[in-house]
Every structure is written in structure tokens, then in C-alpha cells.
Amino acid sequence: MKLEEKIVRMEEISSLLENPNLNIDEGVKLYEEGVVLAKDCLTQLQEVKGKINIIKKDLEVYKEETME
Amino acid sequence: MLNNTYLSVTQINSYIKAIFDAEVMLQNICVFGEVSSYNVSGGNAYFNLKDESGMIPCVLFGANKFDAPKIGDMVLVSGSMNYYAKGGRLSFNAYSIMPYGRGLLYEKFLKLKAELEERGYFDIERKKPIPDYVKRIGVVSSDTGAVIHDIINVTTRRNDCVDIVLYPVKVQGVGAEQEISAGIDFFSNYDKVDVIIVARGGGSLEDLEPFNSEVVANAVFRCKKPLVSAVGHETDFTIIDFVADLRAPTPSAAAELVVWDKALKVEKVYSEMHKIDNKFNLCIVNNTNKVLGLVEGYERDVLRLLDKFKAKIEVSTLKLQNIDNLINNKINAVDRLDFNIRKLNPQNIAKMGYSKILKGSSVVVSINDLNNDDVVGLSLIDGTIKAKVCKEKK
């Protein structure tokens with residue numbers, strides 16, 4: 001599942017959890033799914049950030065080499 | 001003696017004036033030069049005529065008969081040198097003034113300009129845009145002189161990746177216009193250049209003449225590549241300037257206009273990169289906050305659910321408690337009954353010394369039920385006995 005899709009599902013879970021007629025079993029199940037997705041998303045975001053930092057560092061090196 | 005040693009001012013002025021008046025070379029002559037300062041007073045114009053190394057003050061009588069020249073114009077004046085004794089000054093007394101060099105050439109220029117304009121040579125719609133990122137420039141100019149060096153210097157300073165190809169031509173004199181037009185035609189069909197600069201340094205109107213020719217105008221008109229003209233100084237306008245896609249005031253300016261500034265573009269790339277970087281970081285932060293916010297929401301919702309469930313349990317517990325009470329009440333009632341029942345147990349009564357009297361199987365409750373010598377049974381705590389009645393009176 002893509003990051004964007006995960007966040008969309010998380011939003012869905014959020015509105016499902018707001019339903020006042022939700023039973024506790026269903027609620028706990030949704031909560032569990034949401035927290036797992038959140039962990040996934042945060043990991044993925046951290047990975048992307050790391051990847052960008054590597055690319056940025058590459059660019060800095062290139063800049064130093066070309067501009068002298 | 002005195003008269004021989006000293007001369008009066010009038011005497012010396014008369015002598016000088018006589019010399020100038022007698023000098024045929026200085027009478028009825030034409031002089032050309034550049035006008036510097038021009039003032040009209042009392043119908044006469046007073047001005048100076050100068051060239052690179054000197055100047056002559058001039059007076060033009062009846063100045064209103066002529067078009068007043070502008071400062072810096074080259075003019076041709078006709079008249080004689082005259083010594084003005086009253087002021088002790090030498091000046092040129094002019095009786096006519098006309099633009100120098102212009103005259104015929106200027107007329108020719110105006111005629112050709114009007115003709116080419118009529119033919120659509122100057123139409124804005126046919127002007128080709130100068131490409132933003134030029135890789136190679138074709139220069140039509142002289143291979144000697146400052147012009148090509150100026151272009152190379154400016155180009156190298158702005159962008160060391162841009163190449164210059166020079167088509168060397170004569171830029172003045174006989175045959176110059178043919179060479180210039182051949183140069184333009186060459187680059188027009190030479191795939192490797194993106195833009196053409198036709199350049200020449202400053203010069204007299206005569207020097208710039210090839211750039212006012214129809215031959216060059218035609219070459220520019222049929223040229224397939226964008227062409228920039230850079231002829232003479234900023235104030236010079238030639239026919240090629242009107243036909244070219246862009247007119248640069250000087251050759252250096254042409255290079256400035258055509259060559260993109262590499263350092264500036266590189267800086268632009270990095271600043272855009274920086275902007276992208278900031279936007280990306282913001283995106284990460286926003287998404288992270290969104291995820292964390294959603295999780296917070298879940299916790300709130302689940303706790304609310306749990307609270308609700310807890311409340312339900314409490315209601316049920318209360319109900320259970322009611323049932324307990326009910327049961328306890330019953331137990332108490334039963335206990336009370338038990339106690340009463342226990343109190344009424346015949347054994348317990350027997351313990352107190354009371355005994356049941358049976359006559360046969362009937363319980364005797366009154367003395368009238370008995371007669372003398374009746375045998376009755378007495379129930380005691382540990383058994384029964386038989387007894388005989390000795391009746392007594394009440």
C-alpha cells in the first residue's frame with residue numbers, strides 16, 4: 001500500500017471510530033489497524049527523509065566540484 | 001622715434017585685418033567640422049566648429065534661413081575667415097550651413113528605409129525570437145579590431161560554454177556589403193549556430209554605409225536564423241538595425257543580450273532546489289503531524305468507547321446488587337420463619353415440662369373429657385408413659 005493510500009485508510013478509520021454506535025470489539029480492531037498503519041507511515045516518512053538527505057548531500061558535493 | 005617704437009591697437013588690428021583680407025586661401029572657402037555650442041542672437045548664430053585637434057569660432061549671418069544644427073552634428077559651412085578688429089578676435093563668417101555627409105547619403109538612406117518598410121522588411125511579426133539558451137554564436141565582423149575581442153570577452157565572462165564562430169569580413173569600403181551579406185548567408189545555412197551577430201565599431205556615416213545597403217538588408221531579410229545587429233555607437237542607426245530581429249546598441253551589448261549568464265542560471269537552479277527542499281521538508285512534517293494527530297484521535301475515540309462500555313457494566317452491576325438485596329431479604333425472612341418454627345417445636349415445649357395427654361388417639365384438652373380410672377398416655381421428652389386418672393373436682 002502506498003503512503004498516500006495508508007493515510008487515506010487512516011482517515012477512514014478515524015471517521016469509523018467516531019461512530020457513536022460502534023461496538024467495543026469492532027473499535028479495538030479498528031484502533032489496532034490504525035496504529036499499525038501509523039507506525040508504517042512514520043517509518044516510511046523517515047525513510048523518504050533519509051533518502052532525500054542522501055540525494056541532497058550528493059548535490060552539495062556536485063556543487064562544490066563544479067563551482068570550485 | 002616714439003612713433004616708430006610703439007604701435008596703437010588700431011594700427012596693429014588694421015595690419016592684422018589687412019593680412020587676413022588679402023589671404024585668398026581664407027576667402028570663400030568651405031569648412032567642415034562638428035558643431036559645439038550654438039546660440040542665436042540678433043538673427044545671427046554664434047557657434048564653434050571643432051574637430052579632433054582644434055576649433056574655430058563661427059558667426060552665421062541670417063541664421064533663420066537655415067535649419068539650426070544640433071550640438072555634435074557634422075556640418076559644412078561656407079564663408080571667409082575674418083578678423084574682427086573691434087573684439088580682437090578671429091572668426092569664420094559663414095553665409096551658409098548644411099549637414100555634412102548627410103546630404104546625398106542621408107537622402108539615399110531615407111529612400112531605401114521607406115522602400116524596405118513598404119516591402120515589410122521591418123514588420124514586427126516576422127522578427128524571430130532570440131533563443132534563451134544559445135550554444136553557439138555566428139559573428140559576422142572584422143577579424144581585426146576591438147569588436148570581436150569585446151564580443152569574446154563579454155561572452156566568456158557570462159558563459160564559458162558558449163562558442164563563437166567568426167566569419168571575417170571587410171566592414172567598410174568597396175566590396176564590404178557583398179562580404180557581409182555572404183557571411184549572413186553562410187550562417188543562415190550553418191546548422192551549428194543558434195544566433196547571428198553582425199557587428200562593427202563606431203565610424204562616420206560613410207564608414208557605416210555597407211550596413212545601409214540593400215544587399216545586406218536582403219541577406220538579413222532572407223536569413224533563417226535570429227540575427228542581432230550591433231553597428232556603430234548607441235546613437236547610430238543603420239538599415240540593418242531595422243531589418244534585424246534585435247538591435248543592440250554596441251557589439252558588447254549584443255553579446256550581453258545573446259549570451260545567457262551561466263552563474264546566474266546555476267544560482268537560479270540551486271535556489272529552486274532549495275525551495276523544493278523546503279517544500280519537501282514541510283510535506284514530511286505535515287504528513288508526520290497528520291499521522292500523529294490521527295493516532296491521537298483513535299486513542300480518544302477508543303477511550304470514549306471503553307468509558308461507554310464501563311458505564312454499561314456499572315449499570316449491570318447495580319442491577320446485580322438489587323438482586324442480591326432481594327435474595328438477602330428472602331434469606332432474612334426464611335431465618336425469621338425458621339426461628340418461629342423452632343420456637344414451636346413440641347420437643348422444646350416438652351423440655352419446658354409440658355406434656356401432651358392422649359386418650360386413645362385423641363388429645364385431651366379438658367378435664368371433662370376424662371373419668372376416673374381412665375388410662376391415658378403421656379408424651380415426655382424421652383418417651384411415653386401410661387397413667388390412670390384419679391379424678392378430682394374442679
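The following dialogue goes through some terms used for this predicted model and the values behind them.

Tutor: This is a predicted model, in which local features need pLDDT of at least 70 and side-chain atom pairs count only at pLDDT 80 or more, while totals for chains, interfaces and linings use all residues. Residues are numbered from 1 along each chain as its sequence is written, chains are lettered from A and ligands numbered from 1 in the order in which they are written, and side-chain values use heavy atoms, with hydrogens and water left out.

Student: Why is B:V259 called buried?

Tutor: Buried means under 20% relative accessible area, exposed over 50%, and partly exposed in between (1.4 Å probe, protein chains only). B:V259 has 1% relative accessibility, so B:V259 counts as buried.

Student: Where is B:V259 found, and which residues does B:V259 touch?

Tutor: B:V259 is in the loop between α8 (251–258) and α9 (262–344) of chain B; helices (H or I, at least four residues) and strands (E, at least two) are DSSP runs, numbered from the N terminus. Contact means heavy atoms within 4.5 Å. Not counting residues up to four places away in sequence, B:V259 touches B:I137, B:T155, B:R158, B:N159 and B:V162. The C-alpha atoms of B:V259 and B:K135 are separated by 8.5 Å, although these residues are 124 residues apart along the chain.

Student: Is B:S91 buried or exposed?

Tutor: The relative accessible area of B:S91 is 11%, so B:S91 is buried. B:S91 belongs to strand β5 (residues 89–99) of chain B. Leaving aside neighbours within four places in sequence, the contacts of B:S91 are B:P57, B:V59, B:S80, B:M81 and B:N82.

Student: What makes B:S91 and B:N93 a polar contact?

Tutor: A polar contact is a pair of N or O atoms within 3.5 Å; within protein, one must be able to donate a hydrogen and the other to accept it, and residues adjacent in sequence count only if both atoms are side-chain atoms. The side chains of B:S91 and B:N93 are joined by such a contact of 3.5 Å.

Student: Why is the pair B:R342 and B:D338 called a salt bridge?

Tutor: A salt bridge is a side-chain nitrogen of Lys or Arg within 4 Å of a carboxyl oxygen of Asp or Glu. For B:R342 and B:D338 the closest N and O atoms are 2.9 Å apart, and the pair forms a salt bridge. The two are 4 residues apart in helix α9 of chain B, and so are separated by about one helical turn. B:R342 is exposed at 53%, whereas B:D338 is partly exposed at 31%.

Student: How do you know that B:E272 is partly exposed?

Tutor: The relative accessibility of B:E272 is 30%, so B:E272 counts as partly exposed. B:K275, at 43%, also counts as partly exposed. B:E272 and B:K275 form a salt bridge, with the closest N and O atoms 3.2 Å apart. Both lie in helix α9 of chain B, 3 residues apart, about one turn of the helix.

Student: What is the relative accessible area of B:D241?

Tutor: The value for B:D241 is 6%, so B:D241 is buried. B:D241 forms a salt bridge with B:R247, the closest N and O atoms being 3.7 Å apart. Over all chains, the whole structure has 21 salt bridges.

Student: How many salt bridges are there between chain A and chain B?

Tutor: The count is 2. A:K56 forms a salt bridge with B:D277, where the closest N and O atoms are 3.0 Å apart. α2(A) gives the most to the side of chain A that touches chain B, with 18 residues.

Student: What area is buried between chain A and chain B?

Tutor: Buried area is the accessible area (1.4 Å probe) that two parts lose on being put together, summed over both. Between chain A and chain B this comes to about 2400 Å², with carbon and sulfur atoms giving 75%. A:I24, A:Y31 and A:L45 supply 23% of the area that chain A buries against chain B, more than any other three residues.

Student: Why are β12 and β14 of chain B said to stand at the edges?

Tutor: Two strands pair if DSSP finds at least two bridges between them. The open sheet has 4 strands in the order β12-β11-β13-β14 (chain B), with antiparallel pairing. β12 (362–363) and β14 (383–388) each have a single partner strand, so one side of each is left without a neighbour in the sheet. Strands β11 (residues 356–359) and β13 (residues 375–380) of chain B are joined by 3 bridges.
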